[in-house]
Structure formats: C-alpha cells, structure tokens
Amino acid sequence: YNYDIEAAAPTLLLQRAQQIDCDFAAPALTNYIHNRTQVRDQIAADCGINAKHVKFVINALLNGAVISSYRENKILAELNYDYDAIKRLQHHTVLADIRKDISAMWKTLKVTFPVRYNTNCNGKQISARLTSKQKSGLYRELESQCARVIRSYLRKNKIKVFWEHDGWRCDKAVYT
C-alpha cells in the first residue's frame, strides 16, 4: 500500500500559519491545495508550459524564489530559458493570487524565527528577510513532526513501513 502526504509543503505550512493566526486565510493557496491538478493544468495551458513545470514553480515560490528573467534564475533554467513563459507566469492572475497568499503566509510564519536585522543604505536597522534555507528548514521540521506521528501509529499497529520523503509504503491498509 502506497501513501503520500498530498501537497505536503503548502498544506503543512498553511496549517502552521493558521495555528499561529486562527483568522489567517489564503483562499488561492487553499484552492491550489484542494484542486492541484486543475490549477496546475490551467496555469500550464495559459502559460504554454507543462504541469510539472507549474509544480516546480509553485514549490520554488514556497521557498522564496522569484519568477524572473534574470539569467541565473532557477525557474528560468527549469523552463529552458523560455523568457516568454516567464513573462506569462509573471502576469498570470491565478498564480499572482497564489504568490500573494504565499507572501502573507510567510509574514505570519516569520514570528517562529529569531529576529534578525540588516542595516539599510541610510544606516537604519530593518528586519531581515527570511532565507530559503530558513523556509525549507521549517517545512522539513513540520514534515518530520508529521512523520513521527505516522510512524508511531504504524509501529503501535505492527505495520511494516518504508518511509519515502513525504509518503510511505506499508504491508497493510491504513485508515487515513
């Protein structure tokens, strides 16, 4: 039996943001989580790319990436340097709404990190942005917490398991 935590990164991060602020809402991101295939297919069709590229873009955005035509941009490289596709992605309304929700989510999640400051050009102290390392670290921490609970359940029920990133294989059916 194969199991996967579907849309693990956006789901776990959104749930954590909602634990911090019970009024936090991210309608576009929630729609993406519940209708991943349809949203990816729509963006892919509108932007002339495939759905796997859309998944890559959204996961990159969750880690702080920017959709840019800068030559060293990883999203641009993933799209085989298709500058027109980048421009279409930058202006796609559904993706723009998801990006706004991701940004708001990280503003809510920022309280879980130690405060760091940078000095701007005027000598004023400003709050430093979260790094992609911090963002992916939080996701890995949440994924690890979730995995511990699942493994504990499987162990208590004497179910043999092989863990894979954000899912597992086991020898008996599990009531999810």
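This is a predicted model: local features need pLDDT of at least 70, side-chain atom pairs count only at pLDDT 80 or more; totals for chains, interfaces and linings use all residues.
Let me begin with Arg-169, which is partly exposed at a relative accessible area of 42%, where buried means under 20%, exposed over 50% and partly exposed in between, with a 1.4 Å probe and protein chains only. Residues are numbered from 1 along each chain as its sequence is written, and side-chain values use heavy atoms, leaving out hydrogens and water.

Arg-169 forms a salt bridge with Glu-164, the closest N and O atoms being 2.9 Å apart; the term requires a side-chain nitrogen of Lys or Arg within 4 Å of a carboxyl oxygen of Asp or Glu. Glu-164 is itself partly exposed, at 31%.

The structure holds two salt bridges, and one of them joins Glu-6 to Arg-36, with the closest N and O atoms 3.7 Å apart. Glu-6 lies in the loop between strand S1 (2–4) and helix H1 (8–20), and Arg-36 in helix H3 (residues 36–47), so the pair ties together parts 30 residues apart in sequence; helices (H or I, at least four residues) and strands (E, at least two) are DSSP runs, numbered from the N terminus. Glu-6 counts as exposed, at 51% relative accessibility.

Turning to the sheet, three strands form an open, antiparallel arrangement in the order S1-S5-S4, where pairing requires that DSSP finds at least two bridges between two strands. S1 and strand S4 (161–164) stand at the edges, each with a single partner strand, so one side of each is left without a neighbour in the sheet. Three bridges join S1 to the antiparallel strand S5 (residues 167–170), and Asp-4 stands opposite Gly-167 in S5.
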